[in-house]
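Dear colleague,

Please find below the structure that I am handing over to you, together with its sequence.

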Amino acid sequence: MENNVKNITNKIISDLKIRNNGDKEFHQAVEEVLYSLEPVLVKHPEYIEQSIIERLVEPERQIIFRVPWIDDKGNVNVNRGFRVQFNSAIGPYKGGLRFHPSVNIGIIKFLGFEQIFKNSLTGLPIGGGKGGSDFDPKGKSDREIMNFCQSFMTELSKHIGMDIDVPAGDIGVGSREIGYMFGQYKRIKNANEPGVLTGKGLTYGGSLARTEATGFGLIYFINEMLAYHGMDLKGKRTIVSGAGNVAIYAAQKAKELGANVVAMCDSNGYVLDEDGIDIDIMTQIKVVERKRIVEYVNRKQNAKYFEGQKGIWTIKCDIALPCATQNDIDIEQAKILVENGVIAIGEGANMPCTNEALNYFIENKILVAPAKAANAGGVATSALEMSQNSMRLSWTFEEVDEKLNKIMKNIFNMSKEAAKEYGHEGNYVVGANIAGFLKVADAMISQGII
Ligand SMILES: NC(=O)C1=CN([C@@H]2O[C@H](COP(=O)(O)OP(=O)(O)OC[C@H]3O[C@@H](n4cnc5c(N)ncnc54)[C@H](O)[C@@H]3O)[C@@H](O)[C@H]2O)C=CC1
Ligand SMILES: O=C(O)CCC(=O)C(=O)O
């Protein structure tokens, strides 16, 4: 039976590579999940009989569209827009929009695939989807951003809705972009439907604590994982890659719980501040002024700046929090981190470690808080935003934060229990994949061959 399952998994992966030629991030994400599901398939032959995996790796719908927009000089520009509606077995498609020049259909498929399991782990009724564009927001004026967002939404609005597909932010998409897109959606539909987007501003249907949720949630998960292993964050030397939404609030909450956060980065380089990163200064530079991170050393004594982002992983630390982008830590950085005595890795970004790096951490008994589980606090709070929109009321910051904390503890417990049940105790990468998968697979079986 085990050999049979291995052959089936290998066949699905080789077919997937042919059908999705060149989508290397998507191949990577699928491989990471499928190999960890083998013990589940051995125990549940019904998933094989019903071709659950073959159906799961094929998106329900993929939309690619033209996004023309006019820049400040009056030139017409054309970008490409994407929305992959991956799986709706447990609820409307849900997942962010990424605006970054590297975006292509393969990246959106990898992110949408991850989102299926992550959303399932939240325990809330949301399916998996993701979208975005190869538009580069860097250096654009507010007017240009608005022009782009309006054009993007003009097409996207035909495919989304509060019970169909609910986008939110991701890299390059924050509350400014969500605001412009929401305004355009409302104008096109002639309806105020706040539940169609999440991450909205607080004056028009946004939820308190959504901005902080992914970073805070990551730290709640890590705190739970460390506590289970008899440790805590106090005095732990911590490195956070990125300096955007996830990174900033992860750093803030880690500091609040006693960690010593000494380094952060952007795509140009990193800062090392042995006195502890000042989150207010970092937020002012990266979020308010939208400047490069090098500016930090002009405002904080003793801080040092280094060109090149990967060097951040050569700094000795107890806790490493990759919160920037995919494949930030490969085997080379993983070996350095392990040699330097790292205790735990917390994946704030989506797929920030290569599969080789993940396996290396697990083999070396490093605790890994995997992205699907550890960064699920953002989408979970988006689902809480949808609930508030439907009820037409708003919870306080404390109410939302408490729910978030409970959800993250629950996700840790589900990952822990699934890992134990399927023979991988302590491996939360495998545990999260299995726990996320089971609910989706059962929902798919109940709904027939669709
Ligand atoms: N915003 C959210 O609620 C969630 C985001 N994520 C993931 O977290 C990661 C970060 O997203 P956000 O913080 O929302 O985006 P953001 O746009 O607010 O910030 C991204 C940060 O990463 C840095 N960055 C981007 N590419 C980089 C590279 N190649 N090398 C080094 N730094 C780089 C940027 O300079 C920026 O500081 C992404 O992987 C995203 O998919 C995951 C769950 C939820
Ligand atoms: O809040 C959301 O809907 C999406 C968050 C997201 O894109 C993610 O979890 O990667």
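In this predicted model, seven strands build an open sheet of mixed pairing, and their order is β9-β8-β7-β6-β10-β11-β12. The edges are taken by β9 (304–307) and β12 (367–369); each has a single partner strand, so one side of each remains without a neighbour in the sheet. On average, and with direction ignored, neighbouring strands here are turned by 15 degrees against each other.

Within this sheet, strand β10 (residues 319–322) pairs with strand β11 (residues 344–346) in the parallel sense, over two bridges. Ala320 has Ile345 of β11 as its bridge partner. Helix α8 (residues 210–228) lies across β10, β11 and β12, and it runs at about 155 degrees to β11.

A further open sheet, also of mixed pairing, consists of five strands in the order β1-β2-β4-β3-β5. Here β1 (61–70) and β5 (165–168) stand at the edges with a single partner strand each, so that one side of each is left without a neighbour in the sheet. From one strand to the next, the twist averages 20 degrees. Strand β3 (residues 93–99) and strand β4 (residues 127–133) are paired in the parallel sense over five bridges, and Lys94 has Gly128 in β4 as its bridge partner.

Strand β4 also holds Lys130, the position at which an unreviewed UniProt entry places the feature "active site". Is Lys130 buried or exposed? There are 30 C-beta neighbours inside 10 Å of Lys130, and the cut-off for a buried residue is 20 or more, so Lys130 counts as buried. Leaving aside residues up to four places away in sequence, Lys130 touches Val84, Gly95, Gly96, Ile108, Leu111, Gly112 and Gln115.

As to the overall division of the protein chain, the domain assignment gives domain 1 (2–56), domain 2 (61–193) and domain 3 (211–374). Between the C-alpha centres of domain 1 and domain 2 the distance is 28 Å. Eleven residues from domain 1 and nine residues from domain 2 take part in the contact. Which element gives the most to the side of domain 1 that touches domain 2? Helix α2 (residues 24–43) does, with seven residues.

With kind regards

Technical notes:
Residues numbered from 1 in each chain as written. Chains lettered and ligands numbered in written order. Predicted model: local features only at pLDDT ≥ 70, side-chain atom pairs only at ≥ 80, totals over all residues. Domains from an automatic or database assignment. Contact = placed C-beta atoms within 7 Å. Helix = DSSP H or I, 4+ residues; strand = E, 2+ residues; numbered from the N terminus. Pairing = 2+ DSSP bridges. Axes fitted to C-alpha atoms, helices over the stretch in contact; angles between N-to-C directions. UniProt positions renumbered as here; feature names shortened; annotations may be inferred. Buried ≥ 20, exposed ≤ 12 C-beta atoms within 10 Å, placed from the backbone.
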